[in-house]
Amino acid sequence: MKGTGELAKILHEKCRGKLLQGEHLRDHTSFRVGGPADLLFFPVDTEDLSVAVKAADLCGMPLFVMGNGTNLLVRDGGIRGLAIHTGALVGISGSEAVGDQGAERQAVELSALAGTLLSGVINHTVKLGLSGLEFAAGIPGTVGGAAYMNAGAHGSSFGDIVSWLELVDMKGERVRLARSQVDFFYRGSRWPCEGVVAEVGMRLVYKGDPYVHDRVKHCLSERGKRLPLGVGMAGSVFKNPPGDYAGRIIESLGMKGLRVGRAEVSRKHANVIVNLGGATAGEIERLVELVARKAEEKAGIRLETEIDIVGEDGL
Ligand SMILES: Cc1cc2nc3c(=O)[nH]c(=O)nc-3n(C[C@H](O)[C@H](O)[C@H](O)COP(=O)(O)OP(=O)(O)OC[C@H]3O[C@@H](n4cnc5c(N)ncnc54)[C@H](O)[C@@H]3O)c2cc1C
């Protein structure tokens, strides 16, 4: 183990992206909590990403990757080793037709680097009149996070439109996986080798600007009615159990408004926990555990978290 100092030196010497030491992740997560990362690195291209992943491996340092931090509960003790933030790994390319030119409903292929926000890709698809990603309007994550989580809404999910994934494996090598090599399931995905998503290919269908624009508008307005706005949160805390909704179960057990410290089960949507301002990750995690325990004791239902809880406990 060569340690943090050696890894920081390699990243300074060989990469172009920004490197921060001891940066608090509360400034990079939608829950607005999270302790410091030993090293937080923002690769600017796939080469930077490859070098960083390889260097962490060589130095024997643990590696964590994050996108926009909108599905993460980072504990108050933060992250040891290297945290890679894909926020500077952005860009969209291609809009090549696949199949008959000029035909309505023709398939079109786009790709986006992992840190590109879904909102950016959706704006692009609206301009081009490309349909398929409208369901994701309002999901605040990146393309890489959406692929990893198989983010979904309105009965569709990200895996439905993925045509390939490019990964950087743990040795820093780029690996292109066809859609058939990736297993997308409810709020998750699995691929044959360990790695970080660097770029995603998406197959969309041309349906024209007015159609796509209307569907995006509809998805956004539905979302606005259901979710609390302007507070720290990370979307749905629990996965829906088969045939039911976590929110319905939590609400039926009277847990809306339940609090631990400054963390509260949203009064608007029971499957959301909000940071009322000044909550710690520990408070949010204790509230998550409390809700899960009550659901099991009172309704016999074991709720599984959708949010990813990572890092070390604080003091
Ligand atoms: C207001 C709000 C509404 C939301 N609505 C929805 C919704 O409707 N549907 C839904 O599914 N989710 C929703 N979410 C949750 C979240 O936005 C999604 O899960 C999103 O896909 C997470 O993307 P991210 O970039 O923020 O990932 P992060 O939160 O940064 O990371 C999530 C996971 O993905 C992994 N990851 C991130 N990038 C990569 C990469 N490049 N390679 C490998 N692994 C990676 C991380 O290690 C982590 O395990 C919502 C969240 C909020 C705050």
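Me: Into which domains is the chain divided?
Reply: This is a predicted model, where local features need pLDDT of at least 70, side-chain atom pairs count only at pLDDT 80 or more, and totals for chains, interfaces and linings use all residues. Residues are numbered from 1 along each chain as its sequence is written. Domain bounds come from an automatic or database domain assignment. The chain is divided into domain 1 (3-88), domain 2 (92-226) and domain 3 (246-310).

Me: How far apart do the C-alpha centres of domain 1 and domain 2 lie?
Reply: The two domains touch, with 17 residues from domain 1 and 17 residues from domain 2 in the contact. Contact here puts C-beta atoms, placed from the backbone, within 7 Å. The C-alpha centres of domain 1 and domain 2 lie apart by 25 Å.

Me: Which element gives the largest share of the side of domain 1 that touches domain 2?
Reply: That side divides into 6 nonpolar, 9 polar and 2 charged residues. Nonpolar covers Ala, Val, Leu, Ile, Met, Phe, Trp, Tyr, Cys and Pro; charged covers Asp, Glu, Lys and Arg; the others, Gly among them, are polar. Helices (H or I, at least four residues) and strands (E, at least two) are DSSP runs, numbered from the N terminus. The largest share, 7 residues, comes from H2.

Me: In what order do the 4 strands of the open sheet run?
Reply: Strands pair if DSSP finds at least two bridges between them. The pairing is mixed. S1 (18-24) and S3 are the edge strands, each pairing on one side only. The order is S1-S2-S5-S3.

Me: Which residue in S5 is the bridge partner of Leu63?
Reply: S3 and S5 (residues 79-85) pair in the parallel sense. The partner of Leu63 in S5 is Leu82.

Me: What angle does the direction of H2 make with that of S5?
Reply: Helix H2 (residues 46-58) packs on the sheet and touches S2, S3 and S5. Axes are lines fitted to C-alpha atoms, for helices over the stretch in contact, and angles run from 0 to 180 degrees between N-to-C directions. The angle between H2 and S5 is about 165°.

Me: Which element gives the most to the shell around the ligand?
Reply: The ligand is surrounded by 30 residues, counted when the C-beta atom, placed from the backbone, lies within 6 Å. The closest are Gly67, Gly141, Gly144, Gly145 and Gly235. Elements that each supply at least two residues include S3 (63-66) and H4 (143-149). The most, 5 residues, comes from H4.
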